[in-house]
Amino acid sequence: MSELPDNYDPDQVEPKWRDEWQDMDVYEYQDDGDTDYVVDTPPPYPTGNLHIGNALGWCYMDFAARYHRLVGDDVLFPQGWDCHGLPTEVKVEENNDIHRTDVPRDEFRQMCIEHTEDQIDAMKETMGTLGFSQDWNHEFRTMDPEYWGTTQRSFVEMADDDLVYRDEHPVNWCPRCETAIADAEVETEEGVDGTLYYVTFEGADEDSEERSSSDSAAEPRNTEDIEIATTRPELLAACVSMAVHPDDERYADRIGDRFEVPLFGHEVELIADEESDPEFGTGAVMICTFGDKQDVEWWAEHDLDLRMVFTEDGHLNDDAGEYAGLTIDEAKEEIADDLDDEGYLEDTEPTEQAVGQCWRCDTPIEILSKEQWFVEVDQDAILERAQQVEWIPEHMYDRLEDWTTGMEWDWVISRQRVFATPIPAWFCQTEDCDHIHIAGPGELPVEPTDEGPGIEACPECGGDEWTGETDVMDTWMDSSITPLYVRGWPDEEFEPTTLREQGHDIIRTWAFYTLLRTGEIADDIPWEEALINGMVFGEDGNKMSKSRGNFVQPEEAVEEYSADAFRQAMALGGQPGSDIQFQWKEVKSASKFGTKIWNITKFASGHLDTAHLDRPDPAYRDADKWILSRTSQVADSVADHMDDYRFDAALRELREFVWHDLADDYLELIKGRLYEGRPGEANAARQALATALSASLRMLSPFAPFLTEEAYDGLPHTEGSVHAADWPDIDMHDEDAEIAGELIAEVAATVRGWKSDAGIALNAELDKIEVYPEETPERAVDTYDLSEAVNAPVHVREGVPAVELVPVEIDPDHSVIGPEFGEQTGRIVGALEAADPEDVKQQKQLDGEIELDLGEEVAVVPGDAVEIHEEHRAESGEEVEVVESDLSTILIYND
Ligand SMILES: [Zn+2]
Ligand SMILES: [Zn+2]
């Protein structure tokens with residue numbers, strides 16, 4: 001056995017174990033039919049930076065994975081990468097100073113792949129630094145053909161079940177990204193400053209339109225103007241109707257009248273609709289295709305015309321006449337000016353509005369009607385499955401329910417981009433034939449812009465000319481099949497994974513889509529448990545940001561302290577689900593705790609050697625039985641916390657146990673035996689210490705994988721990696737021993753504290769200690785170790801100690817005596833000092849004053865002129881110190 005170094009150096013130890021673990025198979029999934037614990041790990045978007053919020057989630061998964069390996073589960077902790085998507089395209093365009101259309105599609109895709117690989121490498125480095133224990137044999141990238149082929153397979157299966165369809169429908173559109181986006185990708189910014197424009201619509205002339213025959217021809221037509229209020233005059237060209245509330249008396253006789261759209265001249269009809277808000281503006285609004293989702297509803301319900309005036313890149317099109325080519329913002333300004341010039345603009349006022357924005361680029365979204373691919377959303381089915389999942393914490397389910405019940409549209413899954421999973425479909429090119437061929441499972445993976453379909457002739461027209469679909473899939477189509485992919489679908493039959501860990505900000509996307517897809521494809525729940533993490537705030541309680549100066553990168557904490565310390569701070573931040581505040585002081589205290597563990601290990605390794613361990617029936621003393629019983633109890637309790645994902649409670653309990661019970665109390669109690677005990681006595685202490693320490697290291701290993709590995713490796717009686725060990729199964733609960741052990745530990749600590757306060761050396765010999773426990777133990781207390789620890793004979797007694805307080809000295813107070821007795825003071829003080837302390841005490845207690853016989857006269861001194869010093873005396877008359885502790889009264893004899 002090589003001697004352990006005095007100091008633990010994480011800068012040296014952590015990289016060493018990172019390397020060694022790579023050559024060991026401790027984190028490998030065996031897939032041998034044992035109890036599985038499968039993590040549906042989030043595939044992060046490869047930004048190149050694993051930030052502290054990511055780190056929190058991965059810490060939770062790693063704690064759980066490591067714990068489940070210890071309890072004997074066959075753990076699969078895979079790691080994927082969600083590669084596709086717009087930010088990478090934009091980055092590659094920037095880095096290479098090109099537009100994606102400047103180079104061939106496959107070349108651009110290749111550039112994106114290379115860029116992504118670099119980002120992944122950087123993030124993997126951080127994961128390694130933080131000690132995460134993924135099984136890298138199970139790594140996947142959504143941009144790999146094997147993965148996106150599986151995404152295509154899921155698409156094909158859903159299309160077979162008519163759950164995917166292609167249709168023209170209004171969709172959210174980001175004019176900057178030039179693609180459709182899903183509801184979940186629209187973020188609403190509240191309180192955006194805007195202007196409310198009051199615009200006059202002139203009543204249309206009677207002759208301008210044939211009146212319908214049902215109208216009574218006798219009534220003269222009312223051609224008065226109506227004023228509407230809108231924040232978006234740039235949509236005037238797209239106006240197809242106007243609406244008022246049916247109960248709004250101001251407009252009761254105008255329903256059905258026609259009006260001319262200012263500047264553009266086309267006519268629209270005023271309709272009544274319950275959804276129109278009489279409180280807004282003038283109570284009359286214009287309906288455009290499309291200003292918002294309300295417009296879409298009115299358009300569909302009242303079967304209105306479609307007039308789309310925006311282009312895909314956010315300009316006005318030819319239908320906007322002279323305004324064609326302007327950006328939306330430019331058009332707003334020019335049209336408002338022209339309305340004013342022409343006398344249509346009655347008034348303007350500032351207003352605040354809610355604006356839907358693209359979540360990737362914050363550009364206000366528009367609604368365009370486009371032919372797109374959609375996935376059917378069955379809200380009830382999703383919620384029914386979600387209810388079968390255990391949400392941790394429970395209230396996170398409510399977020400999913402709120403989002404799901406509020407869904408209005410099916411999920412638009414097509415994107416007009418490049419770097420994503422291709423939609424495996426071809427369009428028949430024969431004129432008037434609108435057949436679409438969707439690839440069969442055998443054709444996948446397929447890039448339809450490169451390859452033709454697997455069939456020759458169109459089944460509808462017999463034609464053989466095809467165009468491959470250029471639209472690609474929403475990246476959530478990739479990431480929403482992670483449980484299926486991890487479980488080997490479609491080759492293997494799907495079984496739900498055990499754990500999904502994710503942030504609460506992607507419940508409406510990742511959790512929602514995964515529930516939808518696993519349900520539709522495998523008719524099952526994706527995971528048994530969903531553990532939701534909160535956010536990590538800065539030390540000042542604010543959201544972390546570089547400009548606020550409260551930003552912390554995980555690597556900084558590792559550099560300053562250690563990965564183990566950082567991980568513990570993440571665990572202790574709070575209960576999973578709650579937002580946590582990053583605290584440097586937690587990292588620091590975790591680092592100190594690491595030193596404590598190292599010191600215990602170092603001490604123990606000097607006393608443990610294999611020759612003395614594992615003897616049958618060690619002669620355990622109460623202290624041994626106590627620490628073993630405590631270890632059993634802590635192992636059970638910490639396992640319960642770990643099963644509940646209460647990492648904070650688990651680590652807190654472990655720290656308390658290791659720091660106080662094991663180090664402060666138990667080690668102090670057994671030192672006597674270890675140094676000087678008879679072989680059998682010492683061996684029992686060694687055995688108990690070996691058991692408790694090894695158990696502690698194993699239980700701490702999920703939180704501090706490096707330090708515990710180094711310590712476990714350094715102990716003579718352990719074999720292999722701590723991460724391949726078993727969760728402690730000691731089963732030595734012994735209630736009597738716990739009562740006795742706590743008592744002696746407390747007495748030892750109290751007496752040592754007393755020695756230190758009294759300035760007495762800790763190893764100084766005392767005459768005798770008597771212990772009067774509050775509650776008399778059932779059986780005799782074993783005082784051997786206590787006696788060694790306090791260096792005195794120890795007797796445990798029953799009942800209440802017979803001690804009395806005896807006055808031993810009178811201390812006259814000159815500041816009271818001086819002013820009252822003047823020049824007599826000296827005599828008074830002398831007489832007080834010479835008096836019988838017992839007599840003075842009695843007088844002071846009974847009369848509140850003391851009569852002093854000065855020979856020729858009697859002086860009366862007030863009671864507060866003296867302080868009486870008392871000492872405890874035992875029945876024997878010996879002087880004794882009485883110390884009260886929580887569990888006992890302790891008499892210390894030390895003459
Ligand atoms: Zn955008
Ligand atoms: Zn055809």
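1. N172 sits opposite I181 of β6. Two strands count as paired if DSSP finds at least two bridges between them. Strands (E, at least two residues) and helices (H or I, at least four) are DSSP runs, numbered from the N terminus.

2. Basis of the model. This is a predicted model: local features need pLDDT of at least 70, side-chain atom pairs count only at pLDDT 80 or more, and totals for chains, interfaces and linings use all residues. Residues are numbered from 1 along each chain as its sequence is written, chains are lettered from A and ligands numbered from 1 in the order written, and side-chain values use heavy atoms, with hydrogens and water left out.

3. The sheet. β5 and β6 belong to an open sheet of four strands, ordered β6-β5-β14-β16, with antiparallel pairing. Its edges are β6 (179-181) and β16 (411-412), each pairing on one side only.

4. Domains. The assignment, automatic or from a database, gives four entries: domain 1 (179-205 + 221-367), domain 2 (581-753), domain 3 (754-802 + 878-893) and domain 4 (803-874). The C-alpha centres of domain 1 and domain 3 are 88 Å apart.

5. Helix α19. This helix (residues 705-714) is mostly covered, with nine of its ten residues buried. Buried means under 20% relative accessible area, exposed over 50%, and partly exposed in between (1.4 Å probe, protein chains only). Among the buried residues are F706, L707, E709, E710 and Y712. The cover includes α1 (10-23), α2 (52-70), α4 (105-129), α14 (563-572), α15 (584-607) and α18 (679-700).

6. Zinc site. Which atoms hold the zinc ion (ligand 2)? The protein donors are the SG atoms of C428, C433, C458 and C461, at 2.2 to 2.3 Å. Donors are N, O and S atoms within 2.8 Å of the metal (3.2 Å for Na, K and Ca); water is not among the atoms, so sites may look incomplete. The spacing along the chain is C-x4-C-x24-C-x2-C. C428 in strand β18 (residues 425-428) and C461 in the loop between β19 (436-438) and β20 (466-468) are 33 residues apart. C428 is buried at 6%; C461 is partly exposed at 34%.

7. C239 is buried at 0%, and C112 is buried at 0%.

Conventions:
Contact means heavy atoms within 4.5 Å.
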